[in-house]
Amino acid sequence: MNIRENIRIAIFSIRTNLMRSLLTMLGIIIGVASVIAVITVGNGGRDYIVGMIREMGSNAINITVDMTKAQPSDYITTEDIAAIKELDTVDYVSPVTMTMGTIATEEKNAIGMIVGGNSDLRYVMSGDCIYGRYFTQAEYEAGRAVCVLDVTSARQLFGESNVVGEYVNFTYNNVVTRIKIIGVTDIASAFGADSEKMMESMESLGGSQVSSGMLMVPSTLTSQIMGSQDSFDTIYIMASDENDLDGAGNSALNRLYARHNNVDRECYNVTNMATYIDLLDTVINVFTIFIAAVSAISLVVGGIGVMNIMLVSITERTREIGIRKALGAKTSTILFQFLTESIILCLIGGLIGLLLGVFGAALVSYIMNVPLQVELSTVLLAIGFSTAIGVIFGVYPARRAAKMPPIEALRRE
């Protein structure tokens, strides 16, 4: 008997007991759908998160001062920043200072965060203004009370996106600073994060009825607001070549040590942002594989169900087996007939599970606002898993049918 005839008999048997076959396939369907949905959403989420971080700057390097080892003279100055920017391996350098306070407009009060930097902050954050402009180096050096507001904060505070020319009052330690808005940026592109979620996190600090906002200002202004000296514990560097981040980081580090003559204290830490990207990519992959493996347990349960129903089918078709063997059917022919039926049963379940898994992944991706990514390897995985389950759990029933003595089979009612 050829393969086509085996497939025809298998499909006929499945259609004859359609409801029983569907219930048998249910474990395979659920298992495959779960694995496909987890892998598809995991891949899409991984690419989304990693992509956002790359947008923030895959060629970014972070240098921080180790406060447990540093002395006041070890902190990074504006002269240090200018010296680092002169390096051939470096394009942009900006200090980054942050503090929390409150923001007030004529109509609203909000929890606020200010992020300070120099004119290179726009490149470090990898975001452009959708309205207005970023502050200039001259405004940074003069410590002008100007800011760039993210578009979500603009809508929450003013009810509209284009708020260039408006003013906000930022309060820190009961000292109020009036700041002019000169630009509006999209925080989603600037920070590689979902702006709505970031703002919601800030809102949760003060209750659901409190708005929130974030201002990007000259770090010289943050120094005035916080009453601190013009020195920094954190700087961000954008390397000229993303393939030589270690070289750029080491060059900047050596220049700091040379200027401060403090190499013996090792008080600076260099962080390559690309390392975080690779680490995050690996963690998400491992987590996705783990969840998919847990979901795949239902495939084993489904396989046991297939084995059980095949044993029942063999019992019901004992006389058929006996007649075929009496007419000269080989043991291998009977074995492959029932093995084919088991594989087809699992394969149909796998295809249904694949469709349901992709549909479920599409729904989750839509709700979570992450891209849907169905890879060919995922489809092949579903088909491969289904076929493997059919073979593994179909061999024993098929061998049992193939080795059944014809005389004993013919005696069965």
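Buried means under 20% relative accessible area, exposed over 50%, and partly exposed in between, with a 1.4 Å probe and protein chains only. The model toured here is predicted, so local features need pLDDT of at least 70 and side-chain atom pairs count only at pLDDT 80 or more, while totals for chains, interfaces and linings use all residues. Residues are numbered from 1 along each chain as its sequence is written, and side-chain values use heavy atoms, with hydrogens and water left out.

**Whole chain**

Start with everything displayed. The protein has 16 helices and 13 strands; these are DSSP runs numbered from the N terminus, helices being H or I with at least four residues and strands E with at least two. Of the 413 residues in the protein, 47% are buried. Among contacts (heavy atoms within 4.5 Å) with a separation of 6 or more, 78% are between residues 24 or more positions apart.

**Aromatic pairs**

A search of the whole structure finds 2 aromatic pairs. Rings of Phe, Tyr and Trp (its six-membered ring) pair if their centres lie within 6.5 Å; planes under 30 degrees apart count as stacked, over 60 as edge-to-face and the rest as tilted.

Select Tyr-92 and Tyr-123. Their rings are stacked, 4.0 Å centre to centre with 10° between the planes. Tyr-92 lies in strand S3 (residues 90-95) and Tyr-123 in helix H4 (residues 121-124), so this pair ties together parts that are 31 residues apart in sequence. Tyr-92 is partly exposed, at a relative accessible area of 27%, and Tyr-123 is also partly exposed, at 34%.

Next, select Tyr-257 and Tyr-268. This pair is tilted, with 5.3 Å centre to centre and 55° between the planes. It links distant parts of the chain: Tyr-257 is in helix H10 (residues 245-260) and Tyr-268 in strand S13 (residues 268-272), 11 residues apart. Tyr-257 is buried, with a relative accessible area of 11%; Tyr-268 is buried as well, with 5%.

**Charges over rings**

The charged end of Arg-122 sits over the ring of Tyr-123, 5.2 Å from its centre. The criterion is NZ of Lys or CZ of Arg within 6 Å of the ring centre and within 35 degrees of the ring normal. Then select Arg-178 and Tyr-167: the charged end of Arg-178 sits over the ring of Tyr-167, 4.3 Å from its centre.

**Helix packing**

Show H12 (residues 297-316) and H15 (residues 376-402). Their axes come within 9 Å and cross at roughly 30°, which makes H12 roughly parallel to H15. Axes are lines fitted to C-alpha atoms, for helices over the stretch in contact, and angles run from 0 to 180 degrees between N-to-C directions. Angles under 35 degrees count as roughly parallel, over 145 as roughly antiparallel, 65 to 115 as roughly perpendicular and the rest as oblique. Residues meeting across this packing include Gly-303 and Met-307 in H12 and Phe-385 and Phe-393 in H15.

Switch to H1 (residues 3-16) and H14 (residues 331-368). These helices pack at an angle of about 60°, with their axes 9 Å apart, and are therefore oblique to each other. Among the residues making the contact are Ile-7 and Ile-11 of H1, and Ile-344 and Ile-348 of H14.

**Last stop: H9**

Select residues 219-226. Helix H9 is mostly covered, with 6 of its 8 residues buried. Those buried are Ser-219, Thr-220, Leu-221, Thr-222, Ser-223 and Ile-225.
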